[in-house]
Amino acid sequence: MTDPAIASGALAQAGASAPWYHPQGDEVSLFEAAYAARMPVMLVGPTGCGKTRFVEHMAWRLHAGREASCEPGLITVACHDDLGAADLVGRHLLEDGQTVWVDGPLTRAVRSGALCYLDEVVEARRDTIVVIHALTDHRRLLPIERTGELLNAHDDFLLVVSYNPGYQSVLKDLKPSTRQRFMTLAFDYPPPAHEAVVIAHESGVDEAMAAALARLGAAARALDTGPEQPAVSTRLLVHAAQLMVRGIDASRACEAAIVRVVGDDETLRQALRDLVEITLP
Ligand SMILES: Nc1ncnc2c1ncn2[C@@H]1O[C@H](COP(=O)(O)OP(=O)(O)OP(=O)(O)O)[C@@H](O)[C@H]1O
Ligand SMILES: [Mg+2]
């Protein structure tokens, strides 16, 4: 079985500092309140705006006090249209001629009390999404059909999912009965002053360049590119800045990290190049 999960939390257990996260509003206190009520959380927002970093940060904050021997505080699963229930819950495998049951990432999180982050949950197959229903209401139960086990979630367990409404087709939208199980935190690209702080911190670029890149991001998002075109994300601005601090010329860095990344439309590319020229020092 290829385990789609990425576990993190060793940092927290080693006493290192939390993954750096620059809050946009009250999302930290809302998440803490949801966690205190063990209310599942859905993060909605476009690509590269800080959702994953936020979950990493929150998992660290909430689980920093856990024993070093515990499972990691955060187990992340990138969902895709082939992801079935067994990929989350587990399956029987052959080991030395014996059939053994191997927990999937969701089951590991439920047993150990980790946060389980299902990234792009709408991409998963319908049967997969149904698996989380009993886990995300007052029952907090994971039925493991194959073994007949009915697993009570560990007290510390919480399910967090992300959802990007812009990219999925309407057909793939979540059913209200799924969506209404989650408190929703809406994310977006931050205003330039805020984004400049993120760019500077993540790349080490100087303040003037970070501010210029943030202005470039805002101007690029204001272009009328249609709903299909992904925006210039915070991630891309950080990438451009990371190339610059390694000696790459500013316009070359923007070409490689931003202009060539957001789309194949030559008119859009040219508009972005013009913005780069106007906004960068
Ligand atoms: N508020 C923030 N605090 C700290 N870093 C941020 C923040 N917002 C964006 N970033 C930076 O942007 C990068 C991309 O963010 P992240 O991976 O969290 O995006 P995402 O919303 O999970 O995107 P996707 O939907 O594509 O998974 C991060 O690695 C980090 O460098
Ligand atoms: Mg992410």
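Trainee: What makes us call helix α10 (residues 234-244) mostly covered?

Mentor: Eight of the eleven residues of α10 are buried, where buried means that 20 or more other C-beta atoms lie within 10 Å of the residue's own, exposed that 12 or fewer do, and partly exposed that the count falls in between, with the C-beta atoms placed from the backbone. The buried residues are Thr 234, Leu 236, Leu 237, Val 238, His 239, Ala 240, Ala 241 and Met 244. This is a predicted model, in which local features need pLDDT of at least 70 and side-chain atom pairs count only at pLDDT 80 or more, while totals for chains, interfaces and linings use all residues. Residues are numbered from 1 along each chain as its sequence is written, and chains are lettered from A and ligands numbered from 1 in the order in which they are written.

Trainee: Which helices do the buried residues of α10 pack against?

Mentor: They pack against α8, α9 and α11 (250-262), with two residues taken to be in contact if their C-beta atoms, placed from the backbone, lie within 7 Å.

Trainee: Why are α8 and α9 called oblique to each other?

Mentor: The axes of α8 (residues 192-203) and α9 (residues 207-222) come within 8 Å and cross at roughly 125°, the axes being lines fitted to C-alpha atoms, for helices over the stretch in contact, with angles running from 0 to 180 degrees between N-to-C directions. Angles under 35 degrees count as roughly parallel, over 145 as roughly antiparallel, 65 to 115 as roughly perpendicular and the rest as oblique, and α8 and α9 are therefore oblique. The contact is made by Pro 192, Glu 195, Ala 196, Ile 199 and Ala 200 of α8, together with Glu 207, Ala 210, Ala 211, Leu 213, Ala 214, Arg 215, Gly 217 and Ala 218 of α9.

Trainee: How many residues of each class are found in the contact of α8 with α9?

Mentor: There are nine nonpolar, one polar and three charged residues, given that Ala, Val, Leu, Ile, Met, Phe, Trp, Tyr, Cys and Pro count as nonpolar, Asp, Glu, Lys and Arg as charged, and the others, Gly among them, as polar.

Trainee: What makes strand β9 (residues 158-163) mostly covered?

Mentor: Six of its six residues are buried. In a regular strand the side chains alternate between the two faces of the sheet. Leu 158, Val 160 and Ser 162 lie on one side of β9 and Leu 159, Val 161 and Tyr 163 on the other, and both faces are covered.

Trainee: How do you know that β9 pairs with strand β2 (residues 41-44) and with strand β6 (residues 115-119)?

Mentor: Two strands pair if DSSP finds at least two bridges between them. Four bridges join β2 to β9, and these strands run parallel; four bridges likewise join β6 to β9, again in parallel. In β9, Val 161 is the bridge partner of Met 42 and Tyr 163 that of Val 44, whereas Leu 158 stands opposite Leu 115. Strand β2 is also joined by four bridges to strand β10 (residues 183-186), running parallel to it, and there Met 42 has Thr 184 as its partner.

Definitions and conventions:
Helix = DSSP H or I, 4+ residues; strand = E, 2+ residues; numbered from the N terminus.
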